[in-house]
Amino acid sequence: VNKTSVLLVEDNDDDVQLTLRAFRKHNLANDIQVATDGQQALEFLFCQGAYAGRDPEDMPQLVLLDLKLPKLDGLEVLKRLRADERTRTLPVVVLTSSREECDLVESYRLGANSYVRKPVDFAEFTEAARHLGLYWLVLNLAAPHP
Amino acid sequence: MPRTATLFATVAATACIGVAAVVVAGWAFGMPALTTLGRAWTPMVVNTALGVWCGATAILLLARRATGKRPWRIIRALGAVMAVMGGLVLADFGSVWLTGTPLYPPAPAWRMAPNTAVANVCIGLALALSGRSVRVTRVAEALIAAALIVAAVMLVAFLMGATAQSDLMGRVNMSPITGLCLATIAATLLVVMPDAVLGSIVWGDGPGSRIARPLLLTAVLAPTFLGWFSVAAERRGWMTLEYGIALTVLGTAIVATGAVIRGAMRVNSYDARRAEAEDSLRALAAGLETQVARRTAELTATNRELESFSYSVSHDLRTPLRALDGFSQALLEDYSDRLDDTGRDYLGRIRRGTQRMGELIDALLDLSRVSRAQLQRAQVDLSALATDVAATLREREPGRHVLVQVTPGLSAEGDPRLLRALLENLMANAWKFTSRRPDALIEFTAIREDGRPDPVYVLRDNGAGFDMAHAAKLFGAFQRLHTEREFQGTGVGLATAQRIVHRHGGEIWAEGIAGQGAAFFFTLAEDLQT
């Protein structure tokens, strides 16, 4: 049984709080892991560094990935996830403020499963989070772990 | 024709006409002295005087009338008269030469010399051929040159002291007066005839003309003077004719050599100056190229900065807004019981403010995207696009009753996405401002306007309209003619529309009446500058 359902990669604490709040509101995930930069996200998923003792079998069901991140940006994280056998099929949803077309195109090119733009309106944001959780955590059947 | 040319031609022709008139008067009133201008020379005869009058009159008509107003028929008729008179005389000579009997025995007053007749025929034919193509003008020029040679030979021989009364084929020779007149007429014609080579060189502004003018003068005057001097010197016993000829030959050679050297030097100096100018021009062009390269680099850098600025706006400006809105909402949800109505109202205002700010940022990004986007070219069905946009608007507000009329078959070349954004902005505008009318009407069509090669597209509505006094403000970013309470909007839509039209090389303008409606006009250039 997976312990972690969602890995939220987000450097902005406000956004972290709001996202957690939105997910909580709909009782969708009570075990959300947060990584505040790209490096940390990779270490968590590949059980390295501070997460060396983590169970490699415990993969999250979904990664919510911001693009603008310190150290390693979101697109680079995505590229490395898709290059690794263990995370090749891991569902990754890009969740970002950016509406720039280049980000959108590049995300899909690198193998993102979905691209969601964070709305300013919190009501809309909560709604988006609900949809995301419902779809990716309940409806979607992910590929079995290799 | 330059003024000096006109003046020269007028003086020369008038003098010739005067001489002809004096001669005719002399014959008419039996005063022989007038026919020789009082000298012991061969007299000028009546038909010669008539020929001189014809040629001189033709010169006056050519020189004094503006291009395009020259009476070619009269000029050609004058030429024909000259040619026929000369021809008759030549025919008479031919008859004497072949059969021994003249066609008609001319009276002394009409006894034209054979060389005069040849010159008359040549000039007459040339005038009869004048005013046609450049190629025909070349033939006419050659004829006049022949006449000039005939007359000038007589004139120069006379200057050298040839006997005035020498017979030629049983007839008198050309009178020196006739020689002067015909030479003058021929020379003048050569320089005043339109498209004439000699005229274009003599009166031209080119470096060739500047070199040729003094050379031409020298080429004519120097040998003439030397010949005359040699003959005169021989008469007075200063030197033998052999020496005179030697002097003439050598002098002419020296003058010709000098003229050639002078001409060559001037050509060299012109060429040096031209080469210098070419060099500086090349340097200028090279400088321009580097400048263009530098400007392009600067522009590319600016564009890149703008790109990263927009990216930053898109990403970073929205994050704090989301926090503002999100935590206000959290307060409302979690601490509602500890807030009174005023507190809740304030939080509501904070939320509305942040949401509006978010909309403004998005609108601004749209505007900057229009400027940055690479322009694609395609044939775009504007009618289909307008119908589609109208359907989208209807979907968004199904309760509204709006009649949308789109003229079918409107098509233009441009960027499909930008043109869609253009119609979206304009039609959303019309949709918004007709919201208070139960009989809302939006019309999209095209008209033709005088002086414009491209069609003018029109989007007309019967909505709130605007006062034409504020028309200049309409297309500025964040300029609004209505309060947010009256009609919602960011104030960027029309600025975006204008930028799209400008990127397509077109123009956009608006007409409106407050309370009655507005019309937006725009054009799209045919050849797109990408």
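1. Asn429 of chain B lies in helix H14 of that chain. This is a predicted model, and in it Asn429(B) has a relative accessible area of 13%, so it counts as buried. Setting aside neighbours within four places in sequence, its contacts are Leu494(B) and Phe520(B). Phe520(B) belongs to strand S9 of chain B, where it stands opposite Ala510(B). Leu494(B) is one of the residues of helix H15 of chain B that meet H14(B).

2. H15(B) covers residues 493–503, and the two helices pack at an angle of about 145° with their axes 9 Å apart. The crossing of H14(B) over H15(B) is left-handed. From H14(B), the residues involved are Leu418(B), Ala421(B), Leu422(B), Asn425(B), Leu426(B) and Asn429(B); from H15(B), they are Gly493(B), Leu494(B), Thr496(B), Ala497(B), Ile500(B) and Val501(B). By type, this contact holds 8 nonpolar residues, 4 polar ones and no charged ones.

3. Next, the sheet of chain B. It is open and has 5 strands in the order S4-S6-S7-S9-S8, with mixed pairing. Strand S4 (402–406) and strand S8 (508–513) of chain B are the edge strands, and each pairs on one side only. From one strand to the next, the twist averages 15°. H14(B), residues 416–433, packs on this sheet and touches S4, S6 (440–447), S7 (456–461), S8 and S9 of chain B. The direction of H14(B) makes about 170° with that of S9(B).

4. Within that sheet, S8(B) pairs with S9(B), residues 517–522, in the antiparallel sense over 6 bridges. The pair Ala510(B) and Phe520(B) stands opposite across these strands. Phe520(B) is also a contact of Asn429(B), a residue of H14(B).

5. A further strand pair in chain B involves strand S3 (residues 378–381) and S5(B), which run antiparallel and are joined by 4 bridges. Ala378(B) stands opposite Gly414(B) in S5(B). S5(B) spans residues 411–414; Ala412(B) and Gly414(B) make up its covered face, while Ser411(B) and Glu413(B) make up the uncovered one.

6. For chain B as a whole, the secondary structure comes to 15 helices and 9 strands. The chain has 530 residues, of which 40% are buried. Of the contacts in chain B with a separation of 6 or more, 70% are between residues 24 or more positions apart.

7. The interface with chain A involves 27 residues of chain B and 24 residues of chain A. Between them the two chains bury about 2300 Å², 47% of it on carbon and sulfur atoms. On the chain B side, Tyr311(B), His315(B) and Arg322(B) lose the most area to chain A; together they account for 31% of what that side buries.

8. Chain A has an open sheet of 5 strands in the order S2-S1-S3-S4-S5, with parallel pairing. Strand S2 (32–35) and strand S5 (114–117) of chain A stand at the edges; each has a single partner strand, so one side of each is left without a neighbour in the sheet. The twist averages 20° from one strand to the next. Helix H4 of chain A, residues 101–109, packs on the sheet and touches S4 and S5 of chain A, its direction making about 155° with that of S5(A). Strand S1 (residues 6–9) and strand S3 (residues 62–65) of chain A run parallel and are joined by 4 bridges. Leu8(A) stands opposite Leu64(A) in S3(A).

9. Leaving aside neighbours within four places in sequence, Val34(A) is in contact with Leu7(A), Leu8(A), Glu10(A), Val16(A) and Gln40(A). Asp11(A) is 23 residues from Val34(A) in sequence, and the C-alpha to C-alpha distance between them is 9.0 Å.

10. Thr87(A) is in the loop between helix H3 (74–83) and strand S4 (92–96) of chain A. Despite the loop position, it is buried, with a relative accessible area of 0%. Beyond neighbours within four places in sequence, its contacts are Phe46(A), Met59(A), Arg80(A), Leu81(A) and Arg82(A).

Conventions:
Residues numbered from 1 in each chain as written. Chains lettered and ligands numbered in written order. Predicted model: local features only at pLDDT ≥ 70, side-chain atom pairs only at ≥ 80, totals over all residues. Heavy atoms only, no water. Pairing = 2+ DSSP bridges. Axes fitted to C-alpha atoms, helices over the stretch in contact; angles between N-to-C directions. Contact = heavy atoms within 4.5 Å. Left-handed = near helix turned anticlockwise from the far one by under 90°. Nonpolar A, V, L, I, M, F, W, Y, C, P; charged D, E, K, R; others polar. Buried < 20%, exposed > 50% of the residue type's maximum accessible area, 1.4 Å probe, protein only. Buried area = accessible area lost by both parts, 1.4 Å probe.
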